Amino acid sequence: MDSAWTALDVVTQTMVQKAIADPKTVDLEKLSNAIVDQSLKDLSFCKDAGRMCYAVVQAEVQKAATSVFRRNLLTRLQQEFTAREETRNRSVQEWVCLVTFICSIFDYIKVNNAPLVALVDPIYDCLFRLAQPDALMNEEEVDCLVVQLHRVGEQLEQTNSQRMNQLFYLLRDGFLLQEDLSSMTRLLLLEILEFRASGWTLTNTAHKYYYSEVVD
């Protein structure tokens, strides 16, 4: 959590510390909004912000027997998700941060050891948007798509395999049929297609091939 922690201002750091120590002493709605706000402008922060949110959620459940932070967090994510196309039009970087943050929350926060079902369809909708032809022309969006599939693809497939099949039909068609894709985009798409086909893993040989290509 260090990289995420240092990105926060001192006031928010103090709020997080207090929320983990005694959730009843903190305005948890204000804290959830502060974390979302930071996530939408800082890619390095949003990658790991889910872990911080998980710590607060757990503390609140154990010490206050409430779920105010989680409820407000999901409400705010719903609002941001609803405005996702406007966000993308305004700033691709902010859009990529939004997708990354939602996936980080999905990855870390569980209810009774199960994923947050409420996030499954929104995440799929975001990934489908990243797989559209215009997004495949933007390496920043393609990189986001591939990174999130590495992170939560297997979990998503376990909750809804039909949508994952549909997503990969799109990615396959993009790889095979779409002209003018950059060589990096083609490499990333080929890698994620093979990654899923191999059971969400890469053989050592495939890993060396793809990642030596990226380095080269």
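Q: Which helix gives the most to the lining of the largest pocket?

A: Helix 10 does, with six residues. Before we go on, note that this is a predicted model, in which local features need pLDDT of at least 70 and side-chain atom pairs count only at pLDDT 80 or more, while totals for chains, interfaces and linings use all residues. Residues are numbered from 1 along each chain as its sequence is written, and side-chain values use heavy atoms, leaving out hydrogens and water.

Q: What is the volume of the largest pocket, and which residues line it?

A: On a 1 Å grid over the protein atoms alone, a pocket is an open set of points where a 1.4 Å probe fits, with protein on both sides within 12 Å along at least five of seven lines; lining residues have an atom within 4 Å of a point. Here the largest pocket has a volume of about 170 Å³, the space filled by probe spheres set on points joined across faces, edges and corners. Its lining includes Leu 43, Lys 47, Glu 140, Asp 143 and Arg 151. Helix 4 (43–64), helix 7 (92–108) and helix 10 (139–159) each supply at least two lining residues; helices (H or I, at least four residues) and strands (E, at least two) are DSSP runs, numbered from the N terminus.

Q: Is Gln 178 buried or exposed?

A: Buried means under 20% relative accessible area, exposed over 50%, and partly exposed in between (1.4 Å probe, protein chains only). Gln 178 counts as buried because its relative accessibility is 14%. You will find Gln 178 in the loop between helix 11 (161–177) and helix 12 (183–197).

Q: Which backbone oxygen does the side chain of Gln 178 reach?

A: That of Pro 133, at 2.9 Å. Setting aside residues up to four places away in sequence, Gln 178 touches Pro 133, Leu 136, Met 137, Asp 173 and Arg 186, where contact means heavy atoms within 4.5 Å.

Q: What is the phi of Asn 113, and what is that of Asp 180?

A: Most residues other than glycine have a negative phi. Asn 113 has a positive phi of about 65°, and Asp 180 has a positive phi of about 70°; neither is a glycine. Asn 113 sits in the loop between strand 1 (110–111) and strand 2 (114–115), and with a relative accessible area of 79% it is exposed. Asp 180 belongs to the loop between helix 11 and helix 12, and counts as exposed at 64%. Just after helix 12 comes Gly 199, with a positive phi of about 80°.

Q: How many Å should helix 5 span, and which of its residues are buried?

A: The expected span is 1.5 Å times one less than the number of residues. For helix 5 (residues 68–82), 15 residues should span 21 Å, and the end C-alpha atoms are 21 Å apart, which agrees. Next, an α-helix has 3.6 residues a turn, so residues three or four places apart point the same way. In helix 5, Phe 69, Asn 72, Leu 73, Arg 76, Leu 77, Glu 80 and Phe 81 are buried. Their cover includes helix 3 (28–39), helix 4, helix 6 (84–90), helix 7 and helix 8 (120–130).

Q: Why is helix 8 called largely enclosed?

A: Because nine of its 11 residues are buried, among them Val 120, Tyr 124 and Phe 128. The buried residues of helix 8 pack against helices that include helix 5, helix 10 and helix 11.

Conventions: Polar contact = N/O pair within 3.5 Å; in protein donor to acceptor, adjacent residues only side chain to side chain.
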